[in-house]
Amino acid sequence: MTVKTPPMGWNSWNTFGENINEQLIMEIADAMVSTGLKDAGYEYVVIDDCWSAKSRDENGDLVADPVKFPHGLKYLADYIHARGLKFGIYGCCGPRTCAGYPGSLDHELQDALFFARNEIDFLKYDWCTYPRAVPGWTLYNRIRMALNATGRDILLSICNWGEQDTLSWARSVGADMYRSTYDISDSFDIVRILFNEQKNNMCLSGPSCFNDMDMLICGMYGKGNVANGGCNDIEYRTHFAMWCMLSQPLMIGCDIRSMTEETRKLLTDAALIAIDQDAEVRPPIIAANNYPDRYPTMFKHLSDGSYAIGIFNISNEDTDVGALWLADIGLSPRDGYAFRVYDTESGELIGEFDDMIKPGATIPAHGCKVLRAYLVKKG
Ligand code: GLA
């Protein structure tokens, strides 16, 4: 499969965990369309762990849990496809999934054929109970080959949490995206940890194989399966903007059937999504500055010749100090040009700067400013 830009969709795990069923997934597919998420670019509806029966059938095939999914997976596939969306499911490279359901070890081709028969478009493939004596990359190569053998185009989202140096082999085994971190939970502290851990690891992340810092927590407000105190709207915006500046897959984790208007606006923010989905998928420069742990600043080349600038305040106090010094990305005011800078949130022109780009307003604690800048001749 050729995946050109970071995959976008929804996944059941963050909010629903094991509490999933056919009705829920159908309502989610409907909500993807009615709330404008589909039009904003989200396409995959992914059922995570806990979808299957606890044991295989007499032929050794996986079976959907008959109580949760009484009509089976193909029925859901048809429902999802009829809405112009794609269908994702979850599996695991060990004998059991993380929640204890059957995994695909030694059933790879059989399960890949089952997924293809059920018209699955996306497989998230986890790492629990994997055989410790076998190098992890071989298990992921094995499932990729099995999926390929089915003849169906199935996106492979591998999920081994960055263990065994995933980024050094993910591209080689045919993964379309690779989890580089342990699980996210609904807390700004965790967002900050994942960001700091991965922000310098994006250089191999690009078309056909994307670094994946885990699913979005935007709009969860402290509820659901990965509840951990929750965040406010400022923090969710910062989380979303960080993921977009780093061209991360955008997999929504909240209950989109009942999301707030603020959440809907954030998740469909065209200016931020355009930065995430930029065709060149260039990782940003993490600009050196005096306060990298408080005000990390990113500068990203975009394919239309403009630049995205993210000034983040991950400290716990409001600030007027966050800024991008052009000298810190290698430019000099003597060069004769300046940046004309717009605020992506308001769309307004902030000004022209030839030495230091200021965000134009105080950045609240855990907030950010994302700017679009155009290089112009001075004066
Ligand atoms: C692991 C993964 C999560 C989720 C759960 C399901 O923890 O990292 O994203 O899929 O398993 O059990």
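## Basis of the model

Helices (H or I, at least four residues) and strands (E, at least two) are taken here as DSSP runs, numbered from the N terminus. The structure is a predicted model, in which local features need pLDDT of at least 70 and side-chain atom pairs count only at pLDDT 80 or more, while totals for chains, interfaces and linings use all residues. Residues are numbered from 1 along each chain as its sequence is written, and side-chain values use heavy atoms, with hydrogens and water left out.

## Helix α6

Helix α6 spans residues 136–150, 15 residues in total. From its first C-alpha to its last it reaches 22 Å, close to the expected 21 Å, where the expected span is 1.5 Å times one less than the number of residues. The helix is followed by G151, whose phi is positive, near 80°.

Which residues of α6 are buried? They are G136, L139, Y140, I143, R144, A146, L147 and T150, where buried means under 20% relative accessible area, exposed over 50% and partly exposed in between (1.4 Å probe, protein chains only). These residues lie on the same side of α6 because they cover an arc of only 160° around the axis, the arc being that of the directions from the helix axis to the C-beta atoms. An α-helix has 3.6 residues a turn, so residues three or four places apart point the same way. The cover over the buried residues of α6 includes α5 (108–117), β4 (122–126) and β5 (155–158).

## Nonpolar cores

A nonpolar core is a set of buried Ala, Val, Leu, Ile, Met, Phe, Trp, Tyr and Cys residues joined through side-chain atoms within 4.5 Å. The largest one has 98 residues, and those with the most contacts inside it are Y42, W51, F240, I256 and L267. Leaving aside residues up to four places away in sequence, F240 touches Y42, L216, C218, L250, L266, L267, L272 and I273; contact means heavy atoms within 4.5 Å. A second, separate core of 15 residues includes F299, I311, L324 and L371.

## Largest pocket

A pocket is an open set of points on a 1 Å grid over the protein atoms alone, where a 1.4 Å probe fits, with protein on both sides within 12 Å along at least five of seven lines; its lining residues have an atom within 4 Å of a point. The largest pocket holds about 280 Å³ of space. Its lining comprises 15 residues, of which D233, R237, E262, L266 and E345 are the closest to its centre. At least two lining residues come from each of α8 (233–245), α9 (261–267) and β16 (368–377).

## Individual residues

Q164 is in the loop between β5 and β6 (177–179) and is partly exposed, at 37% relative accessible area. D214 lies in the loop between β7 (210–212) and α8 and is buried, at 3%.

The segment before β1 (8–11) contains T2, which is exposed at 62% relative accessible area. Beyond residues up to four places away in sequence, P7 touches Y44, L155, M177, F210, P249, L250 and M251.

Technical notes. Grid points are joined across faces, edges and corners, and a volume is the space filled by probe spheres set on the points.
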